[in-house]
Amino acid sequence: MTATDRSLDLISTAAQAAADKLAHDVIAYDVSDVLSITDAFLLASAPNDRQVKAIVDEIEERLLKELGAKPVRREGDRDSRWILLDYVDIVVHVQHSEERVFYALERLWKDCPELELPADAKATRGKAEEHARLQAAEAEREPGGEWR
């Protein structure tokens, strides 16, 4: 079994929306062979809680506007560290960068086929690492060595 065309459309639109809001490391997996509850997962991250929420809001708005899709469930809004959007056909995970590293969902789904994403979404790969390097370099320049 492979992800349906509807699932692929949802993933592509959600990935583009995430990229447009400057998400980091956008990736999608076809999990239809190992899970019966959904076809695909989309993973994205951001360096702060506000951006996590902005990415989720953009994904939700774009999927509704362009594909008429509403999530059946939205979880994690209170802290905005990890927000999950469940569209039944796909599940979107937008995580704070720290949660992304800690939970390492890519490790869990690495055996599943990776789905093709729009070029803008592919270009987000490595952005979290780049952001962390820039923060570390800035912290070294700041008095006291703390990020401000």
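Me: What percentage of the 148 residues of the chain count as buried?
Reply: The model is predicted, with local features requiring pLDDT of at least 70 and side-chain atom pairs pLDDT 80 or more, while totals for chains, interfaces and linings use all residues. Residues are numbered from 1 along each chain as its sequence is written, and side-chain values use heavy atoms, without hydrogens and water. Buried denotes under 20% relative accessible area, exposed over 50%, and partly exposed the range in between (1.4 Å probe, protein chains only). Of the 148 residues, the buried share is 45%.

Me: Which residue forms a salt bridge with Asp-49?
Reply: A salt bridge places a side-chain nitrogen of Lys or Arg within 4 Å of a carboxyl oxygen of Asp or Glu. For Asp-49, the closest N and O atoms of the pair are 3.3 Å apart, and the partner is Arg-81. This pair links distant parts of the chain, 32 residues apart: Asp-49 lies in helix α2 (residues 49-67), and the loop between β3 (73-75) and β4 (82-86) holds Arg-81.

Me: Which residue meets Arg-81 in a salt bridge of 2.7 Å, N to O?
Reply: The partner belongs to helix α3 (residues 97-103), 17 residues from Arg-81. Its relative accessible area is 53%, so Glu-98 counts as exposed. The side chain that meets Arg-81 at 2.7 Å is that of Glu-98.

Me: How far apart are the closest N and O atoms of Glu-75 and Arg-73?
Reply: Glu-75 is partly exposed, at 39% relative accessible area. Arg-73 is also partly exposed, at 39%. In their salt bridge, the closest N and O atoms are separated by 2.6 Å.

Definitions and conventions
Helices (H or I, at least four residues) and strands (E, at least two) are DSSP runs, numbered from the N terminus.
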